[in-house]
Amino acid sequence: AAHRLMYELAIAARQRGQTLIDAVRADAQIAATLSAREIDALLDFANHTGQCAAMVDAVLADKA
């Protein structure tokens, strides 16, 4: 259900010319559960890229 909601918000945001985070903040269902600060933290991409460099290094090491 959460994945579907985020998908629908992403499509709507693109059609309206708004950012995903603005669409998420404006959603009543999400706003009833999470504060703006919590939404910002969940959608901060810096929190989701922690292992990317190590994964790229491992792939490149396998190809060398």
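Modeller: First, a definition: helices (H or I, at least four residues) and strands (E, at least two) are DSSP runs, numbered from the N terminus. This is a predicted model, where local features need pLDDT of at least 70, side-chain atom pairs count only at pLDDT 80 or more, and totals for chains, interfaces and linings use all residues. Residues are numbered from 1 along each chain as its sequence is written, and side-chain values use heavy atoms, with hydrogens and water left out.

Now the pocket. On a 1 Å grid over the protein atoms alone, a pocket is an open set of points where a 1.4 Å probe fits, with protein on both sides within 12 Å along at least five of seven lines; lining residues have an atom within 4 Å of a point. The largest pocket has a volume of about 170 Å³, that is, the space filled by probe spheres set on the points, which are joined across faces, edges and corners. Its lining is Ala1, Ala2, Leu5, Met6, Val24, Gln29, Ile30, Leu34, Ile39, Leu42 and Leu43. Helix 1, helix 3 (28-31) and helix 4 (36-42) each give at least two residues to that lining. Helix 1 has the largest share, 3 residues. By class, 10 lining residues are nonpolar (Ala, Val, Leu, Ile, Met, Phe, Trp, Tyr, Cys or Pro), 1 is polar and none is charged (Asp, Glu, Lys or Arg); polar covers the others, Gly among them.

Next, the core. A nonpolar core is a set of buried Ala, Val, Leu, Ile, Met, Phe, Trp, Tyr and Cys residues joined through side-chain atoms within 4.5 Å. Buried means under 20% relative accessible area, exposed over 50%, partly exposed in between (1.4 Å probe, protein chains only). The largest such core has 7 residues: Leu5, Leu9, Ala13, Ala23, Val24, Ile30 and Ile39. Helix 1 (2-16) and helix 2 (20-26) each give two or more of them. The largest share, 3 residues, comes from helix 1.

Look at the join between those two helices. Gln18 lies in the loop between helix 1 and helix 2. Gln18 is partly exposed, at 28% relative accessible area. Leaving out residues up to four places away in sequence, Gln18 touches Ala13 and Ala23 (contact means heavy atoms within 4.5 Å).

Finally, helix 5 (residues 52-63). Of its 12 residues, the number buried is 0, so helix 5 lies largely in the open.
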